[in-house]
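The briefing below groups the points by topic.

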Amino acid sequence: MNQITHVYPETVSDVIKYLENPHAKLLAGGTAMTLLANKEVNTFVDLQKTNLSYIKEEDDRFLIGGTTSAYDIFRNENLPKSFRTAADKIADLSLLHAITLGGNFAILYKWVDLPPILWALNSSITIRGKEERTMNLDEFFPYSREKSIANRNELITEIQLPKPPTNSYSEYQTLTLIENEKGQLNLASYFEWNENKEITIARLVASAAFKGPKRLECEQFIIGKRIDDELINKCKETINAEDLVKFYKSSKEYRAEILRVYIKRTMNNCLSKM
Ligand SMILES: Cc1cc2nc3c(=O)[nH]c(=O)nc-3n(C[C@H](O)[C@H](O)[C@H](O)COP(=O)(O)OP(=O)(O)OC[C@H]3O[C@@H](n4cnc5c(N)ncnc54)[C@H](O)[C@@H]3O)c2cc1C
């Protein structure tokens with residue numbers, strides 16, 4: 001076995017210096033390390049002393065540090081309920097304390113719960129590599145699909161989450177057969193409407209059943225419309241089982257049907273909130 005050095009930088013700049021070593025790997029909650037540590041890793045850059053664990057509230061947004069745990073997200077009653085629901089769903093209590101926001105984004109495993117809901121909520125992410133940049137998650141997902149943040153050896157420092165206005169509704173639904181199981185299908189949804197109850201913003205992000213989080217095509221039919229049965233049916237018709245990935249626990253057809261049910265449910269829930 002190769003010998004691994006642990007280092008504990010206290011500033012982001014020091015983390016970045018350590019990452020100049022191509023054999024260094026960031027260590028946050030450590031819950032994916034058995035999957036990731038390989039013979040080439042010679043240094044773990046432990047993030048626990050970097051002061052990146054925080055949830056700050058500004059007038060119009062929340063700032064959430066990269067090493068904030070899923071447990072702290074779940075417990076913060078000021079955060080949107082849909083986001084807290086996604087954090088709560090992730091795993092059992094001991095894992096919730098360990099799993100971090102940055103770790104959940106750094107490798108977009110099919111089952112991750114925080115990225116889809118934060119995408120639906122129109123969040124942005126700040127990443128430090130050679131330079132610092134902040135991008136909306138619309139831009140982040142193609143960037144990360146090309147090569148994951150973990151493989152780029154960059155540091156996720158913060159997520160910016162806009163505060164949803166009162167004329168909005170968001171929800172996180174997940175299909176599991178037993179509690180704390182990795183989701184077989186997730187739907188994160190967000191809607192805003194105007195005084196005529198016409199939808200002005202719709203973001204529906206499905207995950208787990210696809211290669212990665214995916215915004216659904218039916219969003220385009222919803223904008224400018226009032227929610228009614230005809231619109232709901234039109235949205236449901238856009239779901240095609242063939243677009244889903246195979247999974248040994250349930251068929252594509254079954255998960256596609258559940259996705260149609262989730263779409264109908266969230267649109268009806270939104271309507272009842274107006
Ligand atoms: C049994 C089990 C069940 C799970 N179920 C779910 C589930 O249902 N839903 C879900 O969402 N998650 C689930 N997870 C967690 C998920 O699979 C990952 O293990 C977790 O997101 C990794 O986060 P971490 O903080 O532990 O990161 P680590 O394991 O410390 O690191 C993971 C990778 O991310 C990199 N990294 C960590 N932090 C940062 C950062 N700030 N910036 C850049 N790169 C970083 C590391 O270098 C490493 O490559 C589960 C985990 C386990 C063990």
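Asn 51 sits in the loop that joins β3 (43–46) to β4, where strands (E, at least two residues) and helices (H or I, at least four residues) are DSSP runs numbered from the N terminus. This is a predicted model, in which local features need pLDDT of at least 70 and side-chain atom pairs count only at pLDDT 80 or more, while totals for chains, interfaces and linings use all residues. Residues are numbered from 1 along each chain as its sequence is written, and side-chain values use heavy atoms, with hydrogens and water left out.

**Positive phi**
- Asn 51 is not a glycine, yet has a positive phi of about 60°, and at 66% relative accessibility it counts as exposed (over 50%; buried is under 20%, partly exposed in between, with a 1.4 Å probe and protein chains only).
- Asn 122, in the loop between α7 (114–120) and β6, also has a positive phi, near 65°, and counts as partly exposed at 28% relative accessibility.
- Most residues other than glycine have a negative phi.

**Sheet**
- Five strands form an open sheet in the order β4-β5-β8-β6-β7 with antiparallel pairing, where pairing requires at least two DSSP bridges between two strands.
- Its edge strands, β4 (55–57) and β7 (132–136), each pair on one side only.
- Strand β5 (residues 61–65) pairs with β8 (residues 155–162) in the antiparallel sense over 5 bridges, and Ile 64 stands opposite Ile 159 in β8.

**Helix on the sheet**
- Helix α8 (residues 137–146) lies across β6 (124–128) and β7, running at about 110° to β7; axes are lines fitted to C-alpha atoms, for helices over the stretch in contact, with angles from 0 to 180 degrees between N-to-C directions, and contact means heavy atoms within 4.5 Å.
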